[in-house]
Amino acid sequence: MEQTYVMVKPDGVERGLIGEILAKIEKKGIKLVAGKLMQIDRKLAEQHYAEHIGKPFFEDLIGFITSGPVFAMVLEGDDVIKTARRMMGKTNPLEADSGTIRAEYAIHTNRNVIHGSDSPESAKREIQLFFEPHEILSYEKAVDAWI
């Protein structure tokens with residue numbers, strides 16, 4: 001089973017969207033194997049967004065992601081990286097397909113409610129940044145056979 005990292009950003013947490021977003025994910029048949037409400041500090045934010053260091057929007061990005069709690073998750077399922085990214089919608093919510101998380105809950109690109117890994121490599125890196133191995137569970141659900 002493939003795993004990915006997904007995070008409800010501070011704007012989503014502040015607006016009370018964790019439950020609605022997680023419900024969409026679970027209804028799709030994706031398994032939550034780790035989750036925690038946490039405050040990201042600057043050091044972790046810089047590691048997470050290392051590829052953007054030096055870009056004009058970097059400081060705003062760091063300021064935003066450290067501005068309040070996030071809900072960090074590890075999700076598991078077949079093709080979960082592609083599936084989660086499709087469910088999130090395009091980075092710019094105004095271009096996101098109807099029914100996606102960003103189309104439903106976000107208006108601005110820099111405040112777009114959710115983040116998800118874009119490749120197996122970034123998923124592995126991000127999961128390791130935000131979770132210790134013992135925090136990620138392995139379990140079977142009765143419904144797994146039907147998904």
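Modeller: Leaving aside its neighbours within four places in sequence, valine 6 is in contact with Phe71, Ala72, Met73, Leu75, Ala84, Ile114, His115 and Gly116.

Colleague: What makes a residue a contact of valine 6?

Modeller: Contact means heavy atoms within 4.5 Å, so Phe71 and the others named meet that limit with valine 6. This is a predicted model, in which local features need pLDDT of at least 70 and side-chain atom pairs count only at pLDDT 80 or more, while totals for chains, interfaces and linings use all residues. Residues are numbered from 1 along each chain as its sequence is written, and side-chain values use heavy atoms, with hydrogens and water left out.

Colleague: Is valine 6 buried or exposed, and how do you know?

Modeller: Buried means under 20% relative accessible area, exposed over 50%, and partly exposed in between (1.4 Å probe, protein chains only). Valine 6 has 2% relative accessibility, so it counts as buried.

Colleague: Where is valine 6 found?

Modeller: Valine 6 belongs to strand S1, which spans residues 2–8. Helices (H or I, at least four residues) and strands (E, at least two) are DSSP runs, numbered from the N terminus. S1 is mostly covered, with five of its seven residues buried.

Colleague: Why are S1 and S3 said to pair?

Modeller: Two strands pair if DSSP finds at least two bridges between them. S1 and S3 have seven, in the antiparallel sense, so they pair. One of these bridges links valine 6 to methionine 73 in S3.

Colleague: What makes S1 and S4 a pair?

Modeller: S1 and S4 (residues 114–116) share three bridges, also antiparallel, so this pair meets the rule too. Methionine 7 has histidine 115 of S4 as its bridge partner.

Colleague: How many helices and strands does the chain have, and in what pattern?

Modeller: The chain has seven helices and four strands. Along the sequence they follow the pattern β-α-α-β-α-α-β-α-α-β-α.

Colleague: How do you know how compact the chain is?

Modeller: The radius of gyration is taken over C-alpha atoms, and the globule rule is 2.2 Å times the number of residues to the power 0.38. The chain's radius is 15 Å, close to the 15 Å that the rule gives for 147 residues, so the chain is as compact as a globular protein of that length. Its C-alpha atoms fill a box of roughly 45 × 35 × 25 Å along the principal axes. Of the 147 residues, 44% count as buried.

Colleague: Which buried residues does H2 have, and what puts them on one side or on several?

Modeller: In H2 the buried residues are Ile21, Leu22 and Ile25. They cover an arc of only 95° around the axis, which puts them on the same side of H2. The arc is that of the directions from the helix axis to the C-beta atoms. Their cover includes S1, strand S2 (31–38), S3, H5, H6 and S4.

Colleague: What of the buried residues of H4?

Modeller: In H4 (residues 58–65), Phe58, Leu61, Ile62, Phe64 and Ile65 are buried. They fall within an arc of 165° seen down the axis, so they line one face of the helix. An α-helix has 3.6 residues a turn, so residues three or four places apart point the same way. The buried residues of H4 pack against S1, helix H1 (10–14), helix H3 (42–48) and S3 (70–77).

Colleague: Why is a set of residues called a nonpolar core?

Modeller: The name is used because the set holds buried Ala, Val, Leu, Ile, Met, Phe, Trp, Tyr and Cys residues joined through side-chain atoms within 4.5 Å. The largest core here has 20 residues, and Ile21, Ile25, Met73 and Leu75 have the most contacts inside it. S1, H2 (18–28), S3, H5 (80–88) and H6 (101–105) each supply at least two of its residues. H5 gives the most, with four. A second, separate core of 19 residues includes Ala34, Met38, Ile127 and Phe130.

Colleague: Where does valine 113 lie, and is it buried or exposed?

Modeller: Valine 113 lies in the loop between H6 and S4. Its relative accessible area is 0%, so it is buried. Its phi is positive, at about 75°, although it is not a glycine.
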